[in-house]
Amino acid sequence: MSERFEGNFTQQEPISEDAIAAALAVLRSGRLHRYNTAPNEPGEVALLEQEFAAFTGAKYCLAVASGGYALGCALRALGVAPDEPVLTNAFTLAPVPGAIAALGARPVFVESTENLTIDLADLAAKAKKTGARVLMLSHMRGHLCDMDALMEIARAHDLRVIEDCAHTMGAEWASVPSGRHGVIGCYSTQTYKHINSGEGGLIVTDDAELAARMILLSGSYMMYPRHLAAPASEVFEALKYDTPNVSGRMDNLRAAILRPQLAALPEQVARWNVLYRAMEEGLTGAPGVALSERPQAEQYVGSSFQFRLPGCDGAQMLDFVARCGARGVELKWFGAAEPAGFTSRHDSWRYAQAQNMPKTDAVLATLLDLRLPLTFSAADVAQIARIIRDELTR
Ligand SMILES: *Cc1c(COP(=O)(O)O)cnc(C)c1O
């Protein structure tokens, strides 16, 4: 009898007791709307923003309804107009091209490397060719490109960079927190990310005007003086009549459960990385497997694991995923023709113009992914690696 893994790849840890207590206090108060605060009470959302700004070292922070909303809000704040080209990774999750398309703008895909980061040569070429003003850079599956080299290219081509840090909250490049290289950093607090409020998003920037615009966009009903991580009221004066309200605020209940999670994030990052390294160790040298290289300057958060099986064709990939699945190891294949769950290829986003992405397609054709939820132990991960190795040799 071959061993079978019995764990659940989508089971997160419970919300901690202190977060539950904070949630109950908000519920008992009845004041769930972020601006519905008692006199001299800052409110959970404003406090979360202040704490997240401190965590990332940003001047300003805004909490919003989702990671996807954060991306759209950032694009609007930068004045992205209908039909405007916006550069973005060909390998990312649907909310990224979706945010661009929702503004009527045009996603222009940039190739991905075997290390799953944006291809810098293709980025420079497409920046030049399209004259795009904005790059929406997605740190997909937590992989950071050489951010210093990327920012060089951005400066050379006058590109403003929005960072999609849905998978890199808590990560750093050369000791600079992810989300702090570009002009705006966007994060998600959806259940499958690094802190969990079901749905939610955070935005950081050092730019006072962009911060004010995003706060107005999020639906501040002119209550912006109640923010703690916002620019001074004067900055809003020049913008408040001209910035549309596109409501997407966070509420006090979600913020209440996020604040204790944010405080615990550094410990959680260390736990994720123990699991990641156990997985890496378990698959190192396995026949036919190519692992991602993690550069020295990258301090990653190993909340998911990717590997490739170069040389396998589509039928072999499907068969391998099925065999691992039968033994309880849930792998996702990013090369599948049909979008399923959280995996999809750029050619399944038909609201964007079809684009030729041979390099990305070749990478995705053999790319597998698995989540490493913190409900797994290092022994669980070792067992998963054993099963994968075993199936590779069959
Ligand atoms: C989750 C995710 C987002 C944001 O998603 P929401 O579900 O809207 O919070 C953005 N980019 C990537 C790469 C993601 O995985």
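Strands here are DSSP runs of E with at least two residues, helices are runs of H or I with at least four, and both are numbered from the N terminus. Before you click on, note that this is a predicted model, where local features need pLDDT of at least 70, side-chain atom pairs count only at pLDDT 80 or more, and totals for chains, interfaces and linings use all residues. Residues are numbered from 1 along each chain as its sequence is written, and side-chain values use heavy atoms, leaving out hydrogens and water.

Now colour strand 10 and strand 12 (residues 304-308), which pair antiparallel over two bridges; two strands count as paired if DSSP finds at least two bridges between them.

Angles run from 0 to 180 degrees between N-to-C directions, with axes fitted to C-alpha atoms, for helices over the stretch in contact; contact means heavy atoms within 4.5 Å.

Zoom out and colour by domain: domain 1 is 17-260 and domain 2 is 265-392, with bounds from an automatic or database domain assignment. The contact takes 37 residues from domain 1 and 34 residues from domain 2.

Which order do the strands take in the open sheet of seven? Look for 1-9-8-5-4-2-3, with mixed pairing. Its edge strands are strand 1 (60-64) and strand 3 (106-110), each pairing on one side only. Strand 1 runs antiparallel to strand 9 (residues 201-205), joined by five bridges; click Cys 61 and you'll find its bridge partner, Val 204, in strand 9. Helix 3 (residues 67-77) packs on this sheet, touching strands including strand 1 and strand 9.

Last stop: the ligand. Of the 15 residues around the ligand, Gly 68, Asp 164, His 167, Ser 188 and Lys 193 come nearest; "around" means a heavy atom within 4 Å. Try the distance tool on Ser 188, where a side-chain N or O atom is 2.7 Å from a ligand oxygen. For Lys 193, a polar side-chain atom lies 3.0 Å from an oxygen atom of the ligand.

Definitions and conventions: A polar contact is a pair of N or O atoms within 3.5 Å; within protein, one must be able to donate a hydrogen and the other to accept it, and residues adjacent in sequence count only if both atoms are side-chain atoms.
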